[in-house]
Amino acid sequence: MTGHQLFGTTLRQRTARAVDDPVLRGRTRRAVDRFGLGRVLALSEVADPDALRQAARAVRAEVLADLPAVLERLADRLLANGVSVHWAVDAADANAYVARVAAARDARTVVKSKSMATEETGLNEALEAAGCRVVETDLGEWIVQLARETPSHLIAPALHHDRHSVAELFDRTTGAGGVEPVPEALNAWARARLREEFLRADVGVTGVNFAVADTGSLVLVTNEGNGRMVTTLPPVHVAVLGMERVVATWDQLDLLLGLLTRSASGQALTSYTTVLTGPRRAGEVDGPEESHVVILDNGRSDVLGSEFSEILACIRCGACLNTCPVYRQVGGHSYGWVYSGPMGAVLTPLLARRHAEAAELADASTLCAACMDACPVAIPIQDLLLALRRANAVDAPAGRRAAWRAWSSAWSSPAAYRATTRLAGVGGWLAARAGEQATGRAVRLVPGARRWAHGRDVPLPAGGRFRDRWRAGDV
Amino acid sequence: MTSDPVPPQPVATESGDRAGFLGRLRERLAGGLPYSPLHPRPAPVAAVPSVVPLALDADDLPGSFERAAAVAGAVVHRVATADGVGEVAAAVAASVGARLAVTTAEPEAVAAGAALAGVGVEVVPYDRAAGATADLGVTSAVAAVAATGSVVVDAGVAGGRGASLLPRVHLCVVPVGRLVATPGDVLRPLAAARPPSALVLVTGPSRTGDIEQLLTLGVHGPVAVHVVLVGG
């Protein structure tokens, strides 16, 4: 959990930093617009995308309802394929296993292909503490690693950088010696530098986009080729799998894969769709000799069976981030942890439950529900955010609960309701006489209203109460 | 750094507490998964649908393949018979200034390699060391996907994984009879038999937009993919 800013800061502090950075906001907007448009175009090119989404929701529901049996089958097939399996209860357990595997091989260098699950567990720090060099190989993740930062978007981790900051970073940390700050030159430098790492690495660590239980296969979806490098060149491969990232059958995989890539980046398929079934076999000149899969719980079992179960259907495409009006303005770092955007606002409070700071992430939403429409597996994200807010309300400070209770009582009786609207009518008449500015200043004097009113205009009520006009036959 | 003969398959071990892990999940699922009235439990799907591109012309798979490959950034060459492959291979090699090429064990790749040797390219069977310095990697494919412009490389058939990955340019020779319509036509049948150790659907060159969301090719994998479609 090191490096992430959730703990010790508030949502307001983090978003204020982001809002004050117009360059970051511009880049975030451009990236999410591009990905978002890509998704819309890609889905317009297939037959009946909404039926596909509903089918995908049903598929994920079926798998989650049957998760123990699916995982059991997956583990049995993995073992039959010669892949070692470790059941990891939590982050420390998972990290310790990977460190043991590395130690058993006397590993010095570990190369990694993108894995949110290992970010979640803090694997890099654990391996470094055990004496390994860990090198991220996804270009964006490598940049973020060199800069000692955290990723700012699910699929575009280095969104917050530009060519100059990357060139400066490469010069400062990798001995690039004045590499030209243009994308082609920077990529060429990264290619050459990371290739050395691939060729010398002792262990390769990846995440898994989907595990297919029927054949014990791992599916990795990448564009750069680093996922292939990491699972081709080092003698050992370790895959860390969030326990919910599984399907039972290849039919299910086919559907979800087609929706994942279109929803994430508008591609029918990424450059490389890699299906791994066991380590290398006789007659093959490369591929790992030894393969491991770590099946990770780390709080997911608490979510399973709860009213928040449906968030476990998430396939990590990022479509909700790209469509969210809040994410667009504040970017990924505002969410303070590994998972950002709408799915992060739901998942972080659930997985990082011990940290009280996580609860307020449910407020990082306008409840516009655009995320629900974009989600390829039709997760009712808005419902989950509301459920989190209800759970938070139970724990709200006494003053706030008293205020809500007072309002609720006031409007529970027709007589009290009429009385308050009459008062409001008087207030409206006064406001109209005083004008917008004076009214705004007055509102801000109300205890607790100042922060709410900041950034909002106070609308002046139209003259008269609806009830009076109705009675008079004006309406 | 050379290809070692595969050591005896290490014994796969299981660790952690499977019974405890799954027991906890069964406990959590004892009451079933809750759903709200607004978004009720979805009905199970009898037959999982496929994602079918509207542009796919099922009667003209080669044409669909060419169009989709262009979108993915792969270059497609059509030749009528296997005799035409050598000329195309030589032209590709010349255009990228290839001096060293590696080939997989597949007959189509070996044949293309022989043609390349005939025009002065150094051609060796793929292994890590050669692959890392080669300009050109020559493979065949067990299938090609018309909907996406992908070629499917099988590590078992090819004898390894890296010939289509390490060199700067990937040349893939595929008989048109191995064309299928959609990725599902490659993936769904994997249920029937044990899949190979590594199967990759290669859809155009390696790419990234990680710097300023500007597309550049050839980050870790090849910068160019040339597909020679033979026949039809």
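Student: Let's start with R316(A). Is this residue buried or exposed?
Tutor: R316(A) is buried, because its relative accessible area is 9%, under the 20% cut-off. Bear in mind that this is a predicted model.

Student: Where does R316(A) lie?
Tutor: R316(A) sits in the loop that runs between α13 and α14 (319–323) of chain A.

Student: And what is its phi, R316(A) I mean?
Tutor: Near 60 degrees, a positive value for R316(A), which is not a glycine. Most residues other than glycine have a negative phi.

Student: What about N298(A), what is the phi there?
Tutor: Near 50 degrees, again positive and again in a residue other than glycine. N298(A) belongs to the loop between β10 (290–296) and α13 (300–303) of chain A.

Student: Why does N298(A) count as buried?
Tutor: Its relative accessibility is 16%, so N298(A) counts as buried; the cut-off is 20%.

Student: Let me step back. How many helices and strands does chain A have?
Tutor: Chain A has 23 helices and ten strands. Its C-alpha trace spans about 90 × 55 × 45 Å along the principal axes.

Student: How much of chain A is buried?
Tutor: Of its 475 residues, 58% are buried.

Student: And what share of the chain A contacts join residues at least 24 apart?
Tutor: That share is 73%, counted among contacts between residues at least 6 apart in sequence.

Student: Now helices. What span should α3 of chain A have?
Tutor: Helix α3(A) holds 17 residues, 49–65, so at 1.5 Å a residue it should span 24 Å. The C-alpha atoms at its ends are 24 Å apart, which agrees.

Student: Which residues of α3(A) are buried?
Tutor: Quite a list. Among them are L52(A), R53(A), A55(A), A56(A), V59(A), V63(A) and L64(A). R57(A) and R60(A) are also buried.

Student: What do the buried residues of α3(A) pack against?
Tutor: They pack against α4 (67–80), β8 (246–247), α12 (250–265) and α17 (370–374), again in chain A.

Student: You mentioned α12(A). At what angle does α2(A) cross it?
Tutor: Helix α2(A), residues 22–44, crosses α12(A) at roughly 140 degrees, and the axes come within 5 Å. The two helices are therefore oblique to each other.

Student: Which residues meet there, between α2(A) and α12(A)?
Tutor: From α2(A) come F35(A), G38(A), R39(A), A42(A) and L43(A). From α12(A) come L259(A), R262(A), S263(A), A264(A) and S265(A). Five residues of this contact are nonpolar, three polar and two charged.

Student: On to sheets. In what order do the eight strands go?
Tutor: The order is β8(A)-β5(A)-β6(A)-β9(A)-β10(B)-β7(B)-β6(B)-β9(B), in an open sheet with mixed pairing. At the edges stand β8 of chain A and β9 (179–180) of chain B. Each has a single partner strand, so one side is left without a neighbour in the sheet.

Student: How do β5(A) and β6(A) pair?
Tutor: Strand β5(A), residues 210–212, pairs with β6(A) in the antiparallel sense over three bridges. Here F210(A) stands opposite V219(A).

Student: How many bridges join β6(A) to β9(A)?
Tutor: Five, and these strands run antiparallel. T222(A) has Y272(A) as its bridge partner in β9(A).

Student: And how many join β9(A) to β10 of chain B?
Tutor: Five as well, linking β9(A) to residues 198–202 of chain B in an antiparallel run. In that pairing V275(A) is the bridge partner of L199(B).

Student: How many of the residues of β9(A) are buried?
Tutor: Five of its five, so to speak: strand β9(A), residues 272–276, is mostly covered. Y272(A), T274(A) and L276(A) point one way, while T273(A) and V275(A) point the other way.

Student: Chain B next. What order do its six strands take?
Tutor: They run β2-β13-β8-β5-β3-β4, in an open sheet with parallel pairing. From one strand to the next, the twist averages 20 degrees.

Student: How many bridges join β3(B) to β4(B)?
Tutor: Four, between parallel strands, with β3(B) covering residues 100–103. T103(B) stands opposite P125(B).

Student: Last one. Which strands does helix α2 of chain B lie across?
Tutor: Helix α2(B), residues 61–72, lies across β2 and β13 (224–230) of chain B. Its angle to β2(B) is about 155 degrees.

Notes: Residues are numbered from 1 along each chain as its sequence is written. Chains are lettered from A and ligands numbered from 1 in the order in which they are written. This is a predicted model: local features need pLDDT of at least 70, side-chain atom pairs count only at pLDDT 80 or more; totals for chains, interfaces and linings use all residues. Side-chain values use heavy atoms; hydrogens and water are left out. The expected span of a helix is 1.5 Å times one less than its number of residues. Buried means under 20% relative accessible area, exposed over 50%, partly exposed in between (1.4 Å probe, protein chains only). Contact means heavy atoms within 4.5 Å. Two strands pair if DSSP finds at least two bridges between them. Axes are lines fitted to C-alpha atoms, for helices over the stretch in contact, and angles run from 0 to 180 degrees between N-to-C directions. Angles under 35 degrees count as roughly parallel, over 145 as roughly antiparallel, 65 to 115 as roughly perpendicular and the rest as oblique. Ala, Val, Leu, Ile, Met, Phe, Trp, Tyr, Cys and Pro count as nonpolar, Asp, Glu, Lys and Arg as charged, and the others, Gly among them, as polar.
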